[in-house]
Amino acid sequence: RSTRVRHCRTREAVRILPKPTFASQEETMHGFKSYFPSSLYTSTAASAVVAAKAGAAPAAGFAPSMTFQHPAEGFMAASQQEYGLDYFLKGALAGGICCSVTHGALTPVDVVKTRIQLEPAKYTGMMQGFNKVIAEEGAGALLTGLGPTAFGYFVQGWFKFGGVEFFKIQASNSMTPQQTWDNRNSIYLGASAAAEFIADIFLCPLEATRIRLVSNPTYSSSMVGAMTKMAGEEGVINAFYSGFGPILAKQVPYTMAKFAVQGIAAEKIYESIGKTPKTCTQSENVSVSLMSGVIAGVTAAIISHPADTLLSKINKAGAGGSGGMLSRLGNIAAETGLWKLCTQGLPARCVMIGTLTAGQFGIFDIVMNAVGASKFHFHDPSKPDDH
């Protein structure tokens, strides 16, 4: 009899246990049904109300920090921040697209510019270079290296633009609004230098492959084939990273000037029209990016051109002798001379980089708008309308 009573009481206890309840807003979090009882992840106040309705006394020493939260709650909150992980991924995607499209579209200009740097006696100018390449090799030769160019600069743009957005926002978060505004140029320079260094680690092998194909069109019929052949003949480091020093010397100052000058130029343009990025239409903001991009591109091209010439020459087979990278660079610089390092192919590069940089900033803005991201801008805290 006592055993039957215990079983009955057990069944009764099971029968009167309240079913777990689910808070309505947690039941469908962004369309996904939660299978955790609401008592596990409701707020402190809500948990207290639930406990009171159940007739239970609050636990001694109950503190809000001790409340267990829904496992997805922290992630969902972070993803809703204006400049969270999703923003940086969108910025990286926009950067990859804008760099790949612009560098790929300007491959013919880059082919002629590289030929002028490598063989100045044969290719004496931009138009003459175009005509000579077409006459001797056909129009298709102007697209030599398109594969490594488009792919390489997508990777580089991903890390460069995404990295600049990441580093400048992190720097801004570590300062007061006024400090951020006062130091915005330093933030541009530091963020772009760090982002470019990372991007160049991935770009260097593909840029070496592009230059090899441009300087010797018969070397291989494909990017993969050229990379395999280069690695087999010279080893990975010598084949792909002989130009790492020059590419840093070229790309880091170029990118620092590019972002800093574009930021300053854009500010001046907005001031001249009496508007801010927030009060401009999308087309007006894109127009400002295009205009400031041309200014930034020409400035950056002039600053980085000597290193660009060295990079083109060192990736030509046999250039600078057979010593180490620094020895070869020294030999190339001595043979070329400072003036020619600074001027060979410069007009072509100014046209190319001015157009390319304007296009990059314009496409970046368009893609960011298309994916629903509001681009980060520095603002003067003393002017509420700038926010």
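How many aromatic pairs does the structure hold? The structure holds 15 aromatic pairs. This is a predicted model, in which local features need pLDDT of at least 70 and side-chain atom pairs count only at pLDDT 80 or more, while totals for chains, interfaces and linings use all residues. Residues are numbered from 1 along each chain as its sequence is written, and side-chain values use heavy atoms, without hydrogens and water.

**View 1. Tyr83 and Phe376 form an aromatic pair.** A pair of aromatic rings is described by the distance of the centres and the angle of the planes. Rings of Phe, Tyr and Trp (its six-membered ring) pair if their centres lie within 6.5 Å; planes under 30 degrees apart count as stacked, over 60 as edge-to-face and the rest as tilted. Here the centres are 5.5 Å apart and the planes make 80°, an edge-to-face pair. Tyr83 sits in the loop between helix H5 (73–79) and helix H6 (85–105), and Phe376 in the segment after H18, so the pair ties together parts 293 residues apart in sequence. Helices (H or I, at least four residues) are DSSP runs, numbered from the N terminus.

**View 2. Helix H14 (residues 244–273) packs with helix H15 (residues 282–314).** Their axes, lines fitted to C-alpha atoms over the stretch in contact, are 7 Å apart. The angle is about 160°, on a scale from 0 to 180 degrees between N-to-C directions. H14 and H15 are therefore roughly antiparallel, a term for angles over 145 degrees. The residues of their contact divide into 21 nonpolar, 7 polar and 3 charged. Ala, Val, Leu, Ile, Met, Phe, Trp, Tyr, Cys and Pro count as nonpolar, Asp, Glu, Lys and Arg as charged, and the others, Gly among them, as polar.

**View 3. The largest pocket holds about 950 Å³ of space.** On a 1 Å grid over the protein atoms alone, a pocket is an open set of points with protein on both sides within 12 Å along at least five of seven lines; lining residues have an atom within 4 Å of a point. A volume is the space filled by probe spheres set on the points, which are joined across faces, edges and corners. Of the 43 lining residues, Tyr270, Pro277, Lys278, His377 and Phe378 are the closest to the pocket's centre. H14 gives the largest share of this lining, 7 residues. The lining of the largest pocket divides into 17 nonpolar, 14 polar and 12 charged residues.

Notes:
Helices (H or I, at least four residues) and strands (E, at least two) are DSSP runs, numbered from the N terminus. Angles under 35 degrees count as roughly parallel, over 145 as roughly antiparallel, 65 to 115 as roughly perpendicular and the rest as oblique. On a 1 Å grid over the protein atoms alone, a cavity is a set of points where a 1.4 Å probe fits but cannot get out, and a pocket is an open set with protein on both sides within 12 Å along at least five of seven lines; lining residues have an atom within 4 Å of a point.
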